[in-house]
Amino acid sequence: MVTIIVELMGGLGLFLAGMNMMSHGIEKVAGSKLRSILEAFTKNRFLGLLVGLFFTAVIQSSSAATSMAVSFVNSGLMNLSQASGIILGANIGTTVTALLVAFKLSAVAPIFVLVGAIMCNFFKEPMVKKSGEIVLGFGILFMGISAMSSAMGQLRDMQFVIDFLANFTNPILGVLLGLVITSVVQSSSVTVSILVVMASQGLVDLRICMFVILGCNIGACTSALLTAFSGGKNAKRTALIHLLFNVFGTVLMFVLLLVAGDFIENIIIAIAGGGTDSGTLGRQIAYTHFLFKVFQVIVFYPFMNWIIKLTYVIVPGEDGVPKESENQFVSHFISDTLPDPTVAVYVAVKEMERMAYMAFNNLNLAVDCLIDVDEDGANQVFETEKYINYLNTEINNYLIKINQNAIPLGDANKIAAYFHVNGDIERIGDHARDIAEMIPTFKERNLSFSKQSIEELKEMMGAVNVTLEESLKMFVSGDESYMDSILKNEEKIDRYEKVLQDAHIDRLKHGVCSARAGVYFADVISSLERVGDHATNIAFALRKTEADGQKGD
């Protein structure tokens, strides 16, 4: 008996290790692409459902999909309605693992292990090595299934095991068993796959497995609940959507099984294939998991808005954006708790985007205040500059943290560029401060720019603003259609500096403007030219990283 238990534990260990290796490998290789799909196609709930289904089927983990949805909502990148679609799809996508197990791929598992091991150990290219982890994980997963199946085959010869399982018919205990096991392993796929293996050895029947599967539905919510625990109210509501949907679905199916269990069982047998042999029974359990999930989604899809409203009753109050108190700055997207690795970099980009607009607006305020000689406005520029410096430090620290964790390869390759972009944004803020620092002198010495100088300055500022806006859009979205316009505007800004410097010297010769004010005018247009350079750096930071990566290849 001890030997059998050891074999079972070893098989389960291989299964869990293989699933985690495969899931993490896929996240490392394709996480950034999957995240882009998740972001682009969750504009409505139905598309979110399809994407959640696809995402979960690919990475073999509904926990990862729902945890990612929680991270998106917690960071303000997705609303609850969009997240609910992902959760619905994840509930269906999680059935894929058990379906694969039911079709017995264990015979070819050693081939996958060999190929994956070769890719991991004999290739230097990171993408190939990580892809090898996926293949190796897939093989290890099914070797674990094979080991568990072999151990469970020996249990058939033990009468006390057969008697115990034969008497295990209490529906409530079945639900509790599924809930507990799934909460511990944090994967309904694992629990249902074990049921499939047990059924393939003739140890359990279909009816009690149905109730265990219902318990798995609730236990599968553990990961999302743990992820949401340290998040904001909307993160908690997202996890509650997952929990409430699965609880309501479990209650509905529990009642239907008690009332019409024979009818439901006959439907599943008809769909999965008749017969009472062990292989067929394993398929029936996998199909049960799939059909239950699909049925629950169909039934509760029209009522998701009500479920969302119920989460507001359970978790009252507004989440909102963190508010700054006196002498205290806050970040709106990043936090001390790291989000799901697949969205970690995306969160940093959103915070940098916010910081960039803060710096751009501060630059415009500084120029306007200099023209109007507004000391109160200058003080506002200085306060905002402190905020920008705070965000610069917070983002740098956050980038260091996520770079030390397992994030998708595509994202890891961009970290260096993000550091540079963060620095360029901070330098734009510094130029705004430098311009604002001229204002007290203007006030003290009663200086001002000539009307012509002001008009020229505004024209140059207009070109700078266009470049800043387009550069940030190119950086955030990756849309290279802005490239030509950015380059043309950068040339225009360079020409502005030369032309305005020459025009300024000409005005000095003719005594049109003050020599003292003229010195500051030259400094301002030089600062704006450098801002244009920083904007161009922001636009091309990721493109340069990709080019360097290709050279390295």
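**Close-up views of a predicted model**

At 17% relative accessibility, Val373 falls under the 20% cut-off and therefore counts as buried. The views below are all taken from a predicted model.

**View 1. Val373 in the loop between α16 and α17.** Although Val373 is not a glycine, its phi is positive, at about 50 degrees. Most residues other than glycine have a negative phi.

**View 2. Asn446 in the loop between α20 and α21.** Asn446 is not a glycine either, yet has a positive phi of about 55 degrees. With a relative accessible area of 71%, Asn446 is exposed, whereas Val373 is buried.

**View 3. Packing of helix α11 against helix α13.** Helix α11 spans residues 206-219 and helix α13 residues 233-272. Their axes lie 9 Å apart and form an angle of about 165 degrees. Because this angle is over 145 degrees, α11 and α13 are roughly antiparallel to each other. The contact of α11 with α13 comprises 14 nonpolar, four polar and three charged residues. The crossing of α11 past α13 is right-handed.

**View 4. The largest cavity and its lining.** One cavity of 30 Å³ or more is found in a search of the whole structure. The largest cavity holds about 30 Å³ of space. Its lining is formed by Ser62, Asn91, Thr94, Ser188, Ala220, His242, Asn246 and Lys293. By class, six of the lining residues are polar, one is nonpolar and one is charged.

How values were computed:
Residues numbered from 1 in each chain as written. Predicted model: local features only at pLDDT ≥ 70, side-chain atom pairs only at ≥ 80, totals over all residues. Heavy atoms only, no water. 1 Å grid on protein atoms, 1.4 Å probe; cavity = no way out; pocket = protein on both sides within 12 Å on 5 of 7 lines; lining within 4 Å. Points joined across faces, edges and corners; volume = space filled by probe spheres on them. Nonpolar A, V, L, I, M, F, W, Y, C, P; charged D, E, K, R; others polar. Axes fitted to C-alpha atoms, helices over the stretch in contact; angles between N-to-C directions. Helix = DSSP H or I, 4+ residues; strand = E, 2+ residues; numbered from the N terminus. Parallel < 35°, antiparallel > 145°, perpendicular 65-115°, else oblique. Left-handed = near helix turned anticlockwise from the far one by under 90°. Buried < 20%, exposed > 50% of the residue type's maximum accessible area, 1.4 Å probe, protein only.
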